[in-house]
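Here is a structure to read through in questions and answers. Please look over the sequence and the model first, and then follow the turns below.

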Amino acid sequence: MRVFSSIDELRHTLDALKRQGRTVGLVPTMGYLHAGHMELVTRARAENDLVVVSIFVNPLQFGPAEDLSKYPRDLERDAAMLKQAGVNFLFAPGVEDMYPRPMQTVVDVPDLGRELEGAVRPGHFAGVATVVSKLFNIVQPQIAYFGEKDYQQVVIIKRMVEDLAIPVRVISVPTVRDADGLALSSRNVYLSPEERRAAAIVPQTLDEAERLVADGLTDAKELEAKLTTFLGREPLAKPEVVAVRDASTLEPVGSIEEPVVVALFVRFGSTRLLDNRVVRNNRIAGIIGGRGQPEKGRPGQGQPGKGGTK
């Protein structure tokens, strides 16, 4: 595995290989890798000749009161994991490499970016879209891979790719979870033992959402209220977002007829955890299926998450 911090050197190397007809897959990360990241790597290796993993803790997506300086970092450990997994190139730039002078250009998807997580982290998704678009321009992969734990991020990136006609296919990969159902996240290391135990309420709440919809609940606001009450059973859980949205557009819904995403953003102490699940009203889906109409779903199936450009 070759390691680069220079944009020009990485581009020069990749350009020569692309001229030979080699395909490139990109896995953008902020490092402190776990099994969820490695699942993205596995998928990328299976579908591309060459795999580039980027590790960059992007300051543009952190607010002034957030954990940029404390974000976990261990580049040596991460590099060893990636080498073992057969990654071809690690791109690990510093801030001075990515942003040699203050950025004047920002890529934003404002309507989608102000919703849900964006409502409690203003500017976060503009930072995400900006750095991802820059990584796409640097690496110019055919395919890029993102985890569905960050569902809103996936939808925003796919919309950005479509709106700007970026020739990258964006693939979303299902969330990898711990034994108790908690989604793997680099931020889980911030949790105290008591908070880690309490955090199991998050996937349990998603289970409860599926149960309620399966039992016939179709009113989205009522489902949000019931899930908020369910989260309240855990005193350490402080919900910041409990939302039921259209699974493809993230728009609010009244009645649960099409697939919806249940999005949670829950604080435990100073740590914010996000998770989600696509929930379907199987009674309605069965009727639609019987009519031979396509069913919308998670990113990668519907609009705008249809897997990026073709």
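Q: Which residue does the UniProt annotation "binding site" cover?
A: This is a predicted model, in which local features need pLDDT of at least 70 and side-chain atom pairs count only at pLDDT 80 or more, while totals for chains, interfaces and linings use all residues. Residues are numbered from 1 along each chain as its sequence is written, and side-chain values use heavy atoms, with hydrogens and water left out. UniProt positions are given in that numbering, with feature names shortened, and annotations may be inferred rather than shown by experiment. With that caution, the "binding site" annotation, which comes from an unreviewed UniProt entry, covers Gln61.

Q: Is Gln61 buried or exposed?
A: Gln61 is placed in the loop between strand S3 (50–55) and helix H3 (75–84), where helices (H or I, at least four residues) and strands (E, at least two) are DSSP runs numbered from the N terminus. Buried means under 20% relative accessible area, exposed over 50%, and partly exposed in between, with a 1.4 Å probe and protein chains only. Because its relative accessibility is 10%, Gln61 counts as buried.

Q: Which residues is Gln61 in contact with, leaving aside its neighbours within four places in sequence?
A: Contact means heavy atoms within 4.5 Å. With the neighbours within four places in sequence set aside, the residues in contact with Gln61 are Met30, Glu66, Arg121, His124, Gly127, Val128 and Val131.

Q: At what angle do the axes of helix H10 and helix H11 cross?
A: Two packed helices are described by the angle between their axes and the distance between the axes. Axes are lines fitted to C-alpha atoms, for helices over the stretch in contact, and angles run from 0 to 180 degrees between N-to-C directions. The axes of H10 (residues 201–214) and H11 (residues 220–231) come within 10 Å, and they cross at roughly 145 degrees.

Q: Which residues of H11 make the contact with H10?
A: On the H10 side, the contact is made by Ile201, Gln204, Thr205, Glu208, Ala209, Leu212 and Val213. On the H11 side, the residues are Leu223, Lys226, Leu227, Phe230 and Leu231.

Q: How many salt bridges does the structure hold?
A: A salt bridge is a side-chain nitrogen of Lys or Arg within 4 Å of a carboxyl oxygen of Asp or Glu. One of them joins Arg77 and Asp78, whose closest N and O atoms are 2.8 Å apart. In the structure, the number of salt bridges is 20.

Q: How many residues apart in sequence are the parts that Glu234 and Arg197 tie together?
A: Glu234 forms a salt bridge with Arg197, the closest N and O atoms being 3.7 Å apart. Glu234 lies in the loop between H11 and strand S7 (237–246) and Arg197 in helix H9 (residues 193–198), so the parts that this pair ties together are separated in sequence by 37 residues.

Q: Is Glu224 buried or exposed?
A: Glu224 is the salt-bridge partner of Lys221, with the closest N and O atoms 3.7 Å apart, and both residues lie in helix H11, 3 residues apart, about one turn of the helix. Lys221 counts as exposed at 60% relative accessibility. For Glu224 the relative accessibility is 12%, so this residue counts as buried.

Q: What is the phi of Leu116?
A: Leu116 lies in the loop between helix H5 (110–113) and helix H6 (117–120), and it counts as buried at 7% relative accessibility. Although Leu116 is not a glycine, its phi is positive, at about 50 degrees.
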